[in-house]
Amino acid sequence: MKLEILKELNAERAARRPVIVVTDTSNGEQRLVKANEIAADPLRAELAKQLRMGKSGNVEVGAKKLFLNVYAPTAKLVIIGAVHISQALAPLARSLDYDVTVVDPRTAFASPERFPDVPLVAEWPDVALPPLNVDAYTAFVAVTHDPKIDDPALLHAFDRNCFYIGALGSRKTHAKRADRLRAQGAKDSDIARIHAPIGLDIGAVSPAEIAVAIMAEITAQLRLAPKEKEEAA
Amino acid sequence: MLNRDEDILQAAETWQKQGHGVALATVVDTWGSAPRPAGSSLVINDEGTFLGSVSGGCVEGAVVTEALDVIASGQPKMLEFGVADETAWNVGLSCGGTIRVFVEKVG
């Protein structure tokens, strides 16, 4: 691997941008493809597929056997609300390899006793969220049921291009939330990105089941191609 | 996770800048129940120091030896390791795994 490629690879990864290194294993010839270059690449279909799966693998192009090494950032999950559902959701998400952070300004909720081993930020969203660097590899979930906490958090998520945004509440609750967010300047296209009611419809009742429904929906959003997503919804 | 790839690749860059000869070994193919997935890597320097893993400990010794050759020659190499059932039993791995490892010089 040429030093320039290694340096670029490390820089992209530090910035949490996905990259793929394409190697011709017969002669060591190599190139690096950044996520925003995939669309114009001759291997775009293969590159996009491997990246979506977060999996490295081989492809044969003509007589060449190429190895596509995918370097995708670790996905993050930001949970707004240190509530009962979050106590089930945080460990489940960690077992799926997400970096999890729980945000709740209410210190009685955001306590290490309730959330052992989970990074907790007991601050309001305007203070807690900017340092978390919410990005395109972040899933964002608002479950406090308290508009004073959830609404500003959702407005932050809209600006950060998160791959998933979900918010707890029935259709009725969500309709009211949509009105409030619009009044605070949110666009209809932003509001349409919120998954609400949150989670896949699997009839979840208990907090742990709701956590499963949420992680299933987040997984689908991360892994399925756009067309498959429409069919699953 | 034992060693995150970012640490390994950062080490490769650091060692290279310090003037070491460096090689990168990457799992490119697996069959059967191989212990580490494609894309897993090991970085080796000219003193034989290494970071990361391609098999969870089973073939690292052989990879390091080959990597020193690659550092010296500059020519990439493809290595193939089969984990025979009996051997697998002895080292406590699930049996029948095979991996191919691509070794290349950095720089």
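Select helix α5 (residues 147-158) and helix α6 (residues 171-183) of chain A: the two pack at an angle of about 60°, with their axes 11 Å apart. Helices here are DSSP runs of H or I of at least four residues, strands are runs of E of at least two, and both are numbered from the N terminus. Axes are lines fitted to C-alpha atoms, for helices over the stretch in contact, and angles run from 0 to 180 degrees between N-to-C directions. The angle therefore makes α5(A) oblique to α6(A); angles under 35 degrees count as roughly parallel, over 145 as roughly antiparallel, 65 to 115 as roughly perpendicular, and the rest as oblique.

This is a predicted model, in which local features need pLDDT of at least 70 and side-chain atom pairs count only at pLDDT 80 or more, while totals for chains, interfaces and linings use all residues. Residues are numbered from 1 along each chain as its sequence is written, and chains are lettered from A and ligands numbered from 1 in the order in which they are written.

Display A:P147, A:D151, A:L154 and A:L155 of α5(A), which meet A:R177, A:R180 and A:L181 of α6(A). Residues are in contact if their C-beta atoms, placed from the backbone, lie within 7 Å. This contact comprises 4 nonpolar, no polar and 3 charged residues. Ala, Val, Leu, Ile, Met, Phe, Trp, Tyr, Cys and Pro count as nonpolar, Asp, Glu, Lys and Arg as charged, and the others, Gly among them, as polar.

Next, select α3 (84-95) of chain A together with α8 (207-223) of chain A. The axes of α3(A) and α8(A) come within 8 Å and cross at roughly 50°. These two helices are therefore oblique to each other, and α3(A) passes α8(A) in a right-handed crossing. From α3(A), the contact includes A:H84, A:I85 and A:L92; from α8(A), A:P207, A:I210 and A:M215 are among the residues involved. By class, the contact of α3(A) with α8(A) has 12 nonpolar, 2 polar and no charged residues.

A:D97 lies between α3 and β6 (99-103), and its phi is near 75°, a positive value in a residue other than glycine. A:P197 lies in the loop between β10 (194-195) and α8, where a cis peptide bond joins A:A196 and A:P197, with omega about -5°.

Now view chain A as a whole. An automatic or database assignment gives domain 1 (3-71) and domain 2 (76-232), and the C-alpha centres of these domains lie 31 Å apart. An unreviewed UniProt entry lists residues 77-218 of chain A as "domain: XdhC Rossmann"; UniProt positions follow the numbering used here, feature names are shortened, and annotations may be inferred rather than shown by experiment. That stretch is 41% helix and 15% strand, with its end C-alpha atoms 10 Å apart.

Finally, turn to the contact between the chains, which takes 18 residues from chain B and 16 residues from chain A. On chain B, α1 (5-17), β1 (22-31) and β5 (98-106) each supply at least two residues of the side that touches chain A. Of these, α1(B) gives the most, with 6 residues.

Methods
Two residues are in contact if their C-beta atoms, placed from the backbone, lie within 7 Å. A crossing is left-handed if the near helix is turned anticlockwise from the far one by less than a right angle, and right-handed if clockwise.
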